[in-house]
Amino acid sequence: MKRALITGITGQDGSYLTEYLLGLGYEVHGLMRQTGLEQIKGSTQFGAPEDLYERCVLHPISLDNFPGLYRLVSRWQFDECYHLAAASFVGETLADGYQTIQTNIAGTHYLLAALCEFQKSCRFYFAGTSEMFGRPRAAPQREDTPFMPRSAYGISKLAAFHLVRNYRESQGMFCCSGILYNHESPRRRPEFVTRKITLAAARIARGRQDKLELGNLDARRDWGWAPDYVEAMHAMLNHTSPDDYVVATGELHSVREICEIAFARAGLDWSKHVVVNPMFHRAEEPIPLQGDSTKIHRVTSWRQKTRFNEMITTMVDADLSRI
Ligand code: F7E
């Protein structure tokens with residue numbers, strides 16, 4: 001039986017990856033903060049099966065606890081480590097980004113250093129992001145497109161991405177980074193725009209809310225389905241050699257399209273409820289964040305299975321059934 005360690009196990013991706021690996025017969029271990037029990041309650045509230053974490057071994061160690069990480073990897077041998085934990089909100093300003101930069105860079109370094117010391121053969125996945133491209137010079141972006149991050153989050157993820165690559169090249173470790181574009185699900189936290197919209201559409205349909213305030217309705221992103229994307233993480237670690245891969249749909253859609261689909265699914269006319277509030281407006285990139293996943297398609301059998309419309313309607317249905 002293979003044993004995997006997942007950091008950020010209670011997040012959206014962590015919960016889907018846990019289900020996927022348990023289904024493949026893995027023994028799953030998860031890292032969580034000391035406040036983890038509350039987190040677990042929070043994540044089941046967002047739709048993970050109630051008993052999911054009872055089927056795992058949980059370790060209440062935060063990423064900044066270097067001695068704790070050392071003790072963990074000196075006691076347990078892992079075949080695969082999925083490093084998903086991160087501060088992940090892009091809208092945060094640079095001036096407020098100290099914690100994000102500290103956690104995302106140092107946490108990755110601590111984990112890699114501990115694995116390198118005690119179990120160099122453990123395969124390591126790092127959750128990179130399209131935000132490393134930030135304001136790209138070309139679209140669609142591929143693995144060789146120059147990085148130009150423009151948020152504390154993107155900058156910290158890019159520094160960690162380079163750390164991961166260096167451990168691969170200088171230590172010979174099996175380290176992969178996924179450069180994942182936006183990926184969504186009913187377990188997405190409501191501060192992200194897809195879930196903000198599907199939750200509001202459901203609440204409005206149930207008479208719990210009247211208006212939804214959004215930023216730029218013309219903002220476009222390459223949105224995929226989170227359960228599909230965790231399978232890409234596993235595919236990378238189970239390939240014969242380590243590498244970095246863009247994981248995206250290659251399709252662009254706008255915030256307005258999400259509103260149209262989500263509100264129609266809830267039986268509503270979006271234009272009667274959505275209002276623009278400049279407070280949520282972010283500078284748009286003149287060239288869109290749109291990924292080219294040719295490489296992972298060529299190298300592994302991974303394919304995206306769920307399309308945009310189905311993703312949004314599934315999210316609305318989940319929110320309607322919860323309210
Ligand atoms: O924004 C626009 C906003 O906050 C998507 C994270 O997982 O994906 C995610 O980051 C778009 C942006 O996600 C609102 O300006 C308009 O253009 O859902 P989001 P994100 O910032 O793209 C990347 C790949 C990650 O790695 C991140 O961790 O929607 N938008 N109006 C809005 N966004 C929000 N949040 N709220 C609005 O009212």
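**View 1. Thr129 counts as buried, at 6% relative accessibility.** The cut-off for buried is under 20% relative accessible area. This is a predicted model. Thr129 is part of strand S5. A polar atom of the Thr129 side chain lies 2.9 Å from the backbone nitrogen of Glu131. Beyond its neighbours within four places in sequence, Thr129 is in contact with Tyr153, Lys157, Gly178, Ile179 and Leu180.

**View 2. The peptide bond from Ala139 to Pro140 is cis.** Omega for this bond is near -5 degrees. Pro140 lies in a loop. On one side of that loop is strand S5 (123-129), and on the other is helix H5 (152-171).

**View 3. Helix H3 buries Gly68, Leu69, Leu72 and Val73.** The helix spans residues 66-75. Several elements cover the buried residues of H3. Among them are strand S1 (3-7), strand S2 (27-32) and strand S3 (57-60). Helix H4 (98-118) is also included in the cover.

**View 4. Asn65 makes a polar contact at the start of H3.** A side-chain oxygen of Asn65 comes within 2.8 Å of the backbone nitrogen of Gly68. Gly68 is also one of the buried residues of H3.

**View 5. Gly215 is buried in the loop between strands S8 and S9.** Strand S8 covers residues 212-214, and strand S9 covers 220-221. The relative accessible area of Gly215 is 10%. This residue counts as buried because the cut-off is under 20%. Leaving out neighbours within four places in sequence, the contacts of Gly215 are Val276, Asn277, Phe280 and His281. Val316 lies 101 residues from Gly215 in sequence. In space, the two are 20 Å apart, C-alpha to C-alpha.

**View 6. Eight named residues line the largest cavity: Trp223, Thr249, Glu251, His253, Gln304, Thr306, Arg307 and Phe308.** The volume of this cavity is about 30 Å³. The count is one cavity of 30 Å³ or more. The lining divides into two nonpolar, four polar and two charged residues. Trp and Phe count as nonpolar, and Glu and Arg as charged. Glu251 and Arg307 are among the lining residues.

Note on methods: Residues numbered from 1 in each chain as written. Predicted model: local features only at pLDDT ≥ 70, side-chain atom pairs only at ≥ 80, totals over all residues. Heavy atoms only, no water. 1 Å grid on protein atoms, 1.4 Å probe; cavity = no way out; pocket = protein on both sides within 12 Å on 5 of 7 lines; lining within 4 Å. Points joined across faces, edges and corners; volume = space filled by probe spheres on them. Buried < 20%, exposed > 50% of the residue type's maximum accessible area, 1.4 Å probe, protein only. Helix = DSSP H or I, 4+ residues; strand = E, 2+ residues; numbered from the N terminus. Contact = heavy atoms within 4.5 Å. Polar contact = N/O pair within 3.5 Å; in protein donor to acceptor, adjacent residues only side chain to side chain.
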